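Visitor: Could you walk me through this model? I would like to start with the strands and then turn to individual side chains.

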Amino acid sequence: MSVVKINVLTVPAEQREILEKRFASRAHAVENSDGFEWFELLRPVEGTDQYLVYTRWRDEESFQAWMEGPMKAAHQGGGAEGAERPKPAASGSTLWSFEVVQQAAPKNA
């Protein structure tokens, strides 16, 4: 079965809009990656300043290939040639990894 990666991003209140705009500006960057199955950016509602970036992959190898290729390139790039790279919107990050052992979908889907 698939693997799930959840990147837990600590985002100060004043950086939330910036984080969401950055994700929106590259919303389709992961969709054509081999082995990619799903993405969701989860905004905290109450009680925490942590966003969850949920991705699901066919296997660990697909995720690692994306990390070493497209994701790495996207995070190393800046704006225009010679422009300073923007400051990260998150003040901290932790990656959680899971294997999918059971799943369900609506019966009429």
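**Strand pairing and side chains**

Guide: To begin in the sheet, L42 stands opposite L52 in β3. Strands (E, at least two residues) and helices (H or I, at least four) are DSSP runs, numbered from the N terminus. This is a predicted model, in which local features need pLDDT of at least 70 and side-chain atom pairs count only at pLDDT 80 or more, while totals for chains, interfaces and linings use all residues. Residues are numbered from 1 along each chain as its sequence is written, and side-chain values use heavy atoms, with hydrogens and water left out.

Visitor: How many helices and strands are there in the protein?

Guide: The protein has two helices and four strands. Along the sequence they follow the pattern β-α-β-β-α-β.

Visitor: In what order do the strands of the sheet stand?

Guide: The order is β2-β3-β1-β4, in an open sheet with antiparallel pairing. Two strands pair if DSSP finds at least two bridges between them. β2 and β4 (92–99) each have a single partner strand and stand at the edges, so one side of each is left without a neighbour in the sheet. The twist averages 15° from one strand to the next.

Visitor: And how many bridges join β1 to β3?

Guide: Eight bridges join β1 to β3, and the two run antiparallel. In this pairing V3 has W57 of β3 as its bridge partner. β1 is also joined to β4 by eight bridges, again antiparallel, and there K5 stands opposite S97. The antiparallel pair β2 and β3 has six bridges.

Visitor: Which strands does α1 touch?

Guide: α1 packs on the sheet and touches β1, β2 and β3 (50–57). The direction of α1 makes about 20° with that of β3. Contact means heavy atoms within 4.5 Å; axes are lines fitted to C-alpha atoms, for helices over the stretch in contact, and angles run from 0 to 180 degrees between N-to-C directions.

Visitor: Changing topic: how many aromatic pairs does the structure hold?

Guide: It holds five aromatic pairs. Rings of Phe, Tyr and Trp (its six-membered ring) pair if their centres lie within 6.5 Å; planes under 30 degrees apart count as stacked, over 60 as edge-to-face and the rest as tilted. One of the pairs is F23 with F39, whose ring centres are 6.1 Å apart with planes at 20°, so the pair is stacked.

Visitor: Where do F23 and F39 lie?

Guide: F23 is in helix α1 (residues 16–25) and F39 in strand β2 (residues 36–42), so the pair ties together parts that are 16 residues apart in sequence. F39 is partly exposed, at a relative accessible area of 31%. Buried means under 20% relative accessible area, exposed over 50%, and partly exposed in between (1.4 Å probe, protein chains only).

Visitor: What sits over the ring of F23?

Guide: The charged end of R26 does, 5.7 Å from the ring centre. A charge sits over a ring if NZ of Lys or CZ of Arg is within 6 Å of the ring centre and within 35 degrees of the ring normal.

Visitor: Which residues do ring pairs link into a cluster?

Guide: The cluster consists of F36, W57, F63 and W66. Both W57 and F63 are buried.

Visitor: Next, S2: is it buried or exposed?

Guide: S2 is buried, with a relative accessible area of 11%. S2 lies in the segment before β1 (3–10). The side chains of S2 and E37 are joined by a polar contact of 2.5 Å. A polar contact is a pair of N or O atoms within 3.5 Å; within protein, one must be able to donate a hydrogen and the other to accept it, and residues adjacent in sequence count only if both atoms are side-chain atoms.

Visitor: Which side chain does that of N7 meet in a polar contact?

Guide: The side chain of N7 makes a polar contact with that of S93, at 2.6 Å. N7 lies in strand β1 and is partly exposed, with a relative accessible area of 24%.

Visitor: Finally, where does S62 lie?

Guide: S62 is in helix α2 (residues 60–76) and counts as buried at 6% relative accessibility. Leaving aside neighbours within four places in sequence, S62 is in contact with D34, G35 and W57.
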